[in-house]
Protein chains: 4
Amino acid sequence: MIKVGIVGGTGYTGVELLRLLAAHPGVQLTAITSRKEDGMPVADMFPSLRGHVSLAFSSPDKARLNECDVVFFATPHGVAMAQAPELLAAGVKVIDLAADFRIKDPAMFDKWYGMPHSCLDLLEEAVYGLPEVNREAIRNARLIGLPGCYPTSMQLGYAPLLAQGKPLVNESMLIADCKSGVSGAGRKAEVHTLLAEAADNFKAYGVKGHRHLPETTQGLQAIAGRKIALTFVPHLVPMIRGIHSTLYAHILPEARDVDFQALYERHFEGEKFVDVMPPGSHPETRSVRASNKLRIAVHRPDGGDLLVILVVEDNLVKGAAGQGVQCMNIMFGLDETTGLTQVPVLP
Amino acid sequence: MIKVGIVGGTGYTGVELLRLLAAHPGVQLTAITSRKEDGMPVADMFPSLRGHVSLAFSSPDKARLNECDVVFFATPHGVAMAQAPELLAAGVKVIDLAADFRIKDPAMFDKWYGMPHSCLDLLEEAVYGLPEVNREAIRNARLIGLPGCYPTSMQLGYAPLLAQGKPLVNESMLIADCKSGVSGAGRKAEVHTLLAEAADNFKAYGVKGHRHLPETTQGLQAIAGRKIALTFVPHLVPMIRGIHSTLYAHILPEARDVDFQALYERHFEGEKFVDVMPPGSHPETRSVRASNKLRIAVHRPDGGDLLVILVVEDNLVKGAAGQGVQCMNIMFGLDETTGLTQVPVLP
Amino acid sequence: MIKVGIVGGTGYTGVELLRLLAAHPGVQLTAITSRKEDGMPVADMFPSLRGHVSLAFSSPDKARLNECDVVFFATPHGVAMAQAPELLAAGVKVIDLAADFRIKDPAMFDKWYGMPHSCLDLLEEAVYGLPEVNREAIRNARLIGLPGCYPTSMQLGYAPLLAQGKPLVNESMLIADCKSGVSGAGRKAEVHTLLAEAADNFKAYGVKGHRHLPETTQGLQAIAGRKIALTFVPHLVPMIRGIHSTLYAHILPEARDVDFQALYERHFEGEKFVDVMPPGSHPETRSVRASNKLRIAVHRPDGGDLLVILVVEDNLVKGAAGQGVQCMNIMFGLDETTGLTQVPVLP
Amino acid sequence: MIKVGIVGGTGYTGVELLRLLAAHPGVQLTAITSRKEDGMPVADMFPSLRGHVSLAFSSPDKARLNECDVVFFATPHGVAMAQAPELLAAGVKVIDLAADFRIKDPAMFDKWYGMPHSCLDLLEEAVYGLPEVNREAIRNARLIGLPGCYPTSMQLGYAPLLAQGKPLVNESMLIADCKSGVSGAGRKAEVHTLLAEAADNFKAYGVKGHRHLPETTQGLQAIAGRKIALTFVPHLVPMIRGIHSTLYAHILPEARDVDFQALYERHFEGEKFVDVMPPGSHPETRSVRASNKLRIAVHRPDGGDLLVILVVEDNLVKGAAGQGVQCMNIMFGLDETTGLTQVPVLP
């Protein structure tokens, strides 16, 4: 049994980790920390866990995290980079659900997250936890920086197009029109995500710039081995979970005859968590609700020169906690689907 | 034109007051105060008001509220009782949407609102702003304590039963099972009313005791002229606006032959904002959305001895801002429906 | 492996059965029938099942249901009573999720469901599938009539009170104010459950009479061994899943000293799917979302003589498909929790 | 007073017309037809209208529509073109909210609406009811074909760009990523728009082709006086009202120095129902809820060569009934805003 610790389990990615790990047959939940809630049974905060998780929060100093095999950070940005060095030194693997180890360029990190990176050598060592792109590196990693929720959907949605030897689409004119449920904003007391503000409403936000843009650009460039340019427009949907990314790409004249459906199917062949749907499909976010699946449909309206790629994922599972468990499974030599076989909840 | 000031216009009852007053033909919006937002145009905070309200927030000291004819307080509990004396002294009428002047017993106020009442003589003078019960007193009032949202629905729902010379129902066994949309909790940064917490979910709260219970009991006793006992169980509905109160009352043996439908119709005859629906109706909250109407249906399942009264209102209109405007119309001798003729928004 | 057939898998209880059975380790999904969708892979209708269920719908005549060990009916009322006799004769056990075998009095069935009962001897034999009340009878049953969604919550909520030798509460004045998500109305093309009708809205319905009332009364009387009288008022909540029942009972003078919290805890001791929450709790529907748990809280406002029992369940799981699987587990000698250990999905 | 008739008032655009016309000071609601509901008071179907509309539905033959000054068709496609000729011959003006008179090319109409056009000469005469583009033609029209909901937002969103003498953006690569609330699908009994299907969910639809594409292309070409090519991807949002269109356009090298914010402000100067918001704004659908306003924000992320135009409208008001009333006001010489001054309902 893998001994697992969680730092900061009071947010949505934390409680989602608990949901998944409580049912994971290869895991022993060992510690969960919260300075503020020290001593409080986890199930008192999240009654959904009554009967499933008997653990109580403990303050970080008492938690003996360095006796764990792996520790997940479900914390605000900046916490993992402060605590990871000591854990790694104690032989504990670290999986960070926040942004500390996502962006390789420390200046870029500073610009978008408003803090200098305190841990540059680890930043270099850290592996970007997107298994469908980085599986081998993850297998041998000590430290994982998990992708953000939007970036997961954009990178997997564009990967088959960009991973080819030469460009198939105009890689400097990519447009990602993305829509997220409100849980993506976290379990924080804020006005703009109140039900009375966000329900029965729809809006774009962050059009000027969003933290997930540099991360995604970095990831897409790594996949392509070339410079790319992406416009990313996020929107807030009055729903709890789910991301729907509508990705646009202009097909280059020399690629007009490519069978893009086949390209996508081939690219993701054998992947357990990526489902390329039949031609003409319109995947719904609820078709992956509470599961680690990501579904993709490939459209070429009117047979023209614009590709429209539709991608759905559960932002808290494949976009966060589930992807973290998937990485853990790889790192510890388990079957990649262990504990991740939940059937999506519909309706 | 009535010169109107608003103290504290950044919450839901405040913006609703603005929506109603901006379209009120007899009103000149003169000042709206917010210390924090001094100088900010109201329409910058609430873009829905762009093109309708050109006023900016001003800090309380600059607002010259004592040049107004009437000032509404859409503030946290405790503000109105601190500022009302000065305004009244200057000849300004005051309508408080908070709880400062609702509960006549200062000890009770202290117990439920956690602060001593600082203004006892005004408390005695203040008129409870429920026009269908208190119209004449309102007409001559300088100071109005507006009912809470739940209490409005419970009092108007029970009034025809209790306003009779002798009891028709067991008045010590009243049960009000009430359901409110989330805007009732206000525009405050809190976790439990986030969309991701409150959507696709239903729960009771405050079963142990809720501030609206003593207020309602006081009001029902005033209507009945007798002691009554009420159990009040509020619930949170994943919707923005609306209250649905399901009221239960056990019919006394001597009242078995009463035609309760007729009783209700007679009681509210001529009332412009109370609609007694035909027998067998199930009023919906959306049938009063964004309007000052309150609709009531009277049921007696299986012809038995239990009355079931269904009441719907928009908590922000008849349950707050609209009722305030209705009181203002009465106080200033306008037709009671002036500025309150909005057709409910459905769907 | 238990060979399982499903008749009528295109509604919500059908797809929920599929979700549960696809992950059930002791089950082999053998056939699912739909005359209309003959040949269509189930996952084409419900993409959430892609990768989990490879079965296709087959027309009833081809489905060879009598080679199954057990057949679930997730059909409109009236279908199971037509087809059960042949299956039972072939040695197949039958679990009906519709109402055909719930109400023991055929006249009552006819009155509420608008059709004569065609299968009176089986009606007598059929066991009411509420394990926490009827476990032993279920163990030996060939034919199960599963409780309705509301009745499950009302019966388990009132059971500890009524199951005592002598009355503790006024059993002729029970009031159940129940609230259900919209999936309870089924996957039927209807106007009143459209999102544009039912969202951001709340209403009561069926106050005159609802099919679940006679079923619940019958069940409560069986538990009490006495006559009871219940008023049942259902409401429609703008959410997908979940039932919240607020149950009222007037405590008899002789029972004033009973510790009702302890009574409930004792009554459900050892039950895996019933969770009596700590005093003062307000269970939320989302705390049982997508799980077979039912949670109960016991309140006695102000220490008075009115009990308020709060009950939540997922109407599609404990209120339908999950309870069916629970019965199946009992009937086939499996651990009762097999395939039913899902952690509720929150948020 | 303008005598107004409505054909087919049982859908969402019909009830929205009723809401607006009931409060319109220059209108006398004269007749509303429904064969099925002959004799039923309108307020029985829509209780929100109780106290506001006393009219009953009448069957088309009894309705004496030709005594009206203007008749609105809020009917399925195909009805208006069958009945308009007789009304026009009787001197009655006609405003069609359906698609019968939107598309000028009858072959195109046939292709997308699956019926031959039966009324070619009127098709030619009909004026496309988009006041901000076609005001003068509307003033003198007998017959209006009102734009669809999506097309209104796309045409007004792109108009300032295309209405210039020479192209500013690549007009053959326009992309409109649009999102609509569920009321856009109408008040029809269907499964896919049930709350239990559409809530807490997001998806694209009609990516292969949507009826609003040819209409929008025709409109944009009329504005530009040039051929354009548009990709239109509609999505379904779990909300009742509102459309949010995110419009993309690649700026041509020769237009890099254009001040697009100023261009938009200038273009819509004096328009009462189009609000160009300040730079950096993210308009929300709720900021126009239940009003005839359309709000636009102009973005140029990172100062690059891609314009992102955000447009919001209420699909039932500016996208349907409100626009119809606006056209009527113009046709009858009223102030264009008469009866359309509602303040948006927020929250």
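**Close-up views of a four-letter chain model**

**View 1. D:P347 lies in the segment after α11 (317–331) of chain D.** Helices (H or I, at least four residues) and strands (E, at least two) are DSSP runs, numbered from the N terminus. This is a predicted model in which local features need pLDDT of at least 70 and side-chain atom pairs count only at pLDDT 80 or more, while totals for chains, interfaces and linings use all residues. Residues are numbered from 1 along each chain as its sequence is written, chains are lettered from A and ligands numbered from 1 in the order in which they are written, and side-chain values use heavy atoms, with hydrogens and water left out. The bond that links D:L346 to D:P347 is a cis peptide bond, with omega near 5 degrees. In chain B, B:L346 and B:P347 are also joined by a cis peptide bond, where omega is about 0 degrees. B:P347 sits in the segment after α11 (321–331) of chain B. Most peptide bonds are trans.

**View 2. B:D200 has a positive phi, near 50 degrees, although the residue is not glycine.** Its place is the loop between α8 (195–198) and β9 (203–204) of chain B. Most residues other than glycine have a negative phi.

**View 3. The N-terminal end of helix α4 (residues 106–113) of chain C is capped by C:D105.** A side-chain oxygen of C:D105 lies 2.9 Å from the backbone nitrogen of C:A107. Just after α4(C) comes C:G114, whose phi is positive, about 70 degrees.

**View 4. Chain C meets chain B through 42 residues on each side.** Contact here means heavy atoms within 4.5 Å. About 3500 Å² is buried between chain C and chain B, and carbon and sulfur atoms give 58% of that area. C:D200, C:F202 and C:V207 supply 18% of the area that chain C buries against chain B, more than any other three residues. Buried area is the accessible area (1.4 Å probe) that two parts lose on being put together, summed over both.

**View 5. Polar contacts link chain C and chain B in 29 residue pairs, both residues at pLDDT 80 or more.** In each pair, N or O atoms lie within 3.5 Å; within protein, one must be able to donate a hydrogen and the other to accept it, and residues adjacent in sequence count only if both atoms are side-chain atoms. On the side of chain C that touches chain B, the elements giving two or more residues include β8 (174–180), β10 (230–236) and β14 (306–313). The largest share of that side, four residues, comes from β11(C). By class, the side of chain C that touches chain B holds 20 nonpolar, eleven polar and eleven charged residues. Ala, Val, Leu, Ile, Met, Phe, Trp, Tyr, Cys and Pro count as nonpolar, Asp, Glu, Lys and Arg as charged, and the others, Gly among them, as polar.

**View 6. Eight salt bridges run between chain C and chain B.** A salt bridge is a side-chain nitrogen of Lys or Arg within 4 Å of a carboxyl oxygen of Asp or Glu. C:D177 and B:K179 form a salt bridge at 3.0 Å, N to O. Another salt bridge pairs C:E284 with B:K203 at 3.7 Å, N to O. C:E284 belongs to the loop between β12 (274–276) and β13 (294–299) of chain C and B:K203 to strand β9 of chain B, so the pair joins two chains.

**View 7. Chain B and chain A are in contact through 20 residues from each chain.** They bury about 1500 Å² between them, 72% of it on carbon and sulfur atoms. B:L194, B:L195 and B:I240 supply 39% of the area that chain B buries against chain A, more than any other three residues. Two salt bridges cross the interface of chain B and chain A. B:R187 and A:E197 meet in a salt bridge at 3.4 Å, N to O. On the side of chain B that touches chain A, α8(B) gives the most, with four residues.

**View 8. The largest cavity has a volume of about 290 Å³.** Its lining has 22 residues, and the closest to its centre are A:P238, B:A199, B:P238, C:P238 and D:P238. The lining of the largest cavity divides into 18 nonpolar, no polar and four charged residues. On a 1 Å grid over the protein atoms alone, a cavity is a set of points where a 1.4 Å probe fits but cannot get out, and lining residues have an atom within 4 Å of a point. Grid points are joined across faces, edges and corners, and a volume is the space filled by probe spheres set on the points. The structure holds six cavities of 30 Å³ or more.

How values were computed: On a 1 Å grid over the protein atoms alone, a cavity is a set of points where a 1.4 Å probe fits but cannot get out, and a pocket is an open set with protein on both sides within 12 Å along at least five of seven lines; lining residues have an atom within 4 Å of a point.
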